Amino acid sequence: MAFLWLALCLTPACCLLHKDEDPESPIKNLQMQPETRRLTWDLSGNVSEIGCFINSRFITKATDKRYCEFRVLSSCQVTNFTVASTGDRPFSAGILYPRPEGHPEAAAQRLGCWVHDVDFLTCSWEAGRAAPGDVQYRLYWQDLKTYEEEECPRYAVDDRGTHIRCHFDDVSRLREHVQFLVKGTSKGARIPCSDLTVELARIERLSLPNITGMCNKSYSVMEWKMSSHFNHRFTYELEIQKGSDAAYTEKAPDSYFVLPNPGNYAVRLRAHARFRKTWSEWSAVRRFECDLGKDTHFRDWLTSVLIPLGALLALGLGVALCQRYSVLQKLFPPIPHLKDPISDTLHSSKLVAWEASRASQEDCQVAEVQVLGEM
């Protein structure tokens, strides 16, 4: 089997791309189905293995010898699809998809897209050299799984008013793989389209975070946080310069780094995302002053202890002063009691209510004295 496929891959291109189909070829009705990205055909007779080629390059083996399915299918670039086999009598059949339409150089040129500032996506292109003066371009993005399509919400134009740039404000709702399509229109000509299929994680221009941290004479702990909707695994490189010494680099597998004996130093950072070949740009320089003549941690601890201690001392002093000078008594003097004439002359403070109805019940007789006159 391996020898069979080796022979198939080494078959000359002239044989694979031969356009005159053999009337007795086992493959008939070769056609592309864009909605499923499948190249299908009708098969008659017995064949060994069938492979599918794009522009003479082997892509995949046929499924059940009846179709080939492609992960990405260009809607604009004319491509030669070929189905071929080896055996007792090798054969091949091919078609062009999509069909050529309009002048190729009237289509949008140099289409490129990139993710930036975490949440935004920008695409730009140039008007084709053969495009008429009234050409207008519109960009669409298409989900490769759902085939959902949406037009650019915000364009930028050139001096002629032709769309040459598109801005998307929220990329969090996009899937990782997207196809961008630029369609052109004109009153007097048919304009071919241009397309670009990308993995958003690979076209992101990473936004570098600010470095934060704390330090003392002994060590410095630096931290940062990367933000991205499509890249989630990073390695980092720090460029550190202590005082007037030459700068040097350190690798950091995580989003923090501990620097011993830091002194006063400057640092900047760059990141490398998984599956990317290049590093990001350097971040802004961050400066740390760690050699201040005293331990920063001790100073902070001492401050945090002295503040509540001072508050307690002030409160205690205030209470002592209030007790010493009877400030509370002066502010809130007691209410004096009313003088009772009876209780003031008697030793007993208890008063007994006199009831006239109880006079008959008294034990002693009361004599009535009548004063007749003065002597």
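The following legends describe close-up views of a predicted model.

In this predicted model, local features require pLDDT of at least 70 and side-chain atom pairs count only at pLDDT 80 or more, whereas totals for chains, interfaces and linings use all residues. Residues are numbered from 1 along each chain as its sequence is written, and side-chain values use heavy atoms, with hydrogens and water left out.

**View 1. Overall composition of the protein chain.** The protein chain contains 5 helices and 23 strands; helices (H or I, at least four residues) and strands (E, at least two) are DSSP runs, numbered from the N terminus. Of its 375 residues, 33% count as buried, where buried means under 20% relative accessible area, exposed over 50%, and partly exposed in between (1.4 Å probe, protein chains only). The accessible surface comes to about 25,200 Å², and 53% of this belongs to carbon and sulfur atoms; accessible areas come from the Shrake-Rupley method with a 1.4 Å probe, and for residues only the protein chains shown count as cover. Among contacts (heavy atoms within 4.5 Å) between residues at least 6 apart in sequence, 59% join residues at least 24 apart.

**View 2. The disulfide between C113 and C123.** A search of the whole structure finds 5 disulfides, a disulfide being a pair of cysteine sulfur atoms within 2.5 Å. With the bonded cysteines numbered in sequence order, the pairing is 1-2, 3-8, 4-5, 6-7, 9-10. The sulfur atoms of C113 and C123 are 2.0 Å apart. The torsion about this S-S bond is about 110°, so the disulfide is right-handed. C113 belongs to strand β8 (residues 109–116) and C123 to strand β9 (residues 120–126), 10 residues apart. Both C113 and C123 are buried.

**View 3. The disulfide between C152 and C166.** Here the S to S distance is 2.1 Å. The disulfide of C152 and C166 is right-handed because the torsion about its S-S bond is about 110°. C152 is located in the loop between β11 (149–151) and β12 (154–157), and C166 in strand β13 (residues 163–168), 14 residues apart. C152 and C166 are buried.

**View 4. The disulfide between C215 and C290.** The two sulfur atoms are separated by 2.2 Å. A torsion of about -105° about the S-S bond of C215 and C290 makes this disulfide left-handed. C215 lies in strand β17 (residues 212–215) and C290 in the loop between β23 (286–289) and α3 (296–325), so the pair ties together parts that are 75 residues apart in sequence. C215 is buried, with a relative accessible area of 10%, and C290 is buried at 1%.

View 5. The side chain of H163 reaches the backbone oxygen of Y137 at 2.7 Å. Not counting residues up to four places away in sequence, H163 touches W125, Q136, Y137, R138, Y155, A156 and V157.

**View 6. A nonpolar surface patch formed by Y219, Y256 and V258.** Together these residues have about 290 Å² of accessible area. Patches are made of residues with over 30% relative accessible area and no salt bridge, with like charges joined within 9 Å and nonpolar side chains (Val, Leu, Ile, Met, Phe, Trp, Tyr) within 5 Å; a salt bridge is a side-chain nitrogen of Lys or Arg within 4 Å of a carboxyl oxygen of Asp or Glu. Y256 lies in strand β21 (residues 256–260). Y256 counts as partly exposed, at 47% relative accessibility.

Conventions. Polar contact = N/O pair within 3.5 Å; in protein donor to acceptor, adjacent residues only side chain to side chain.
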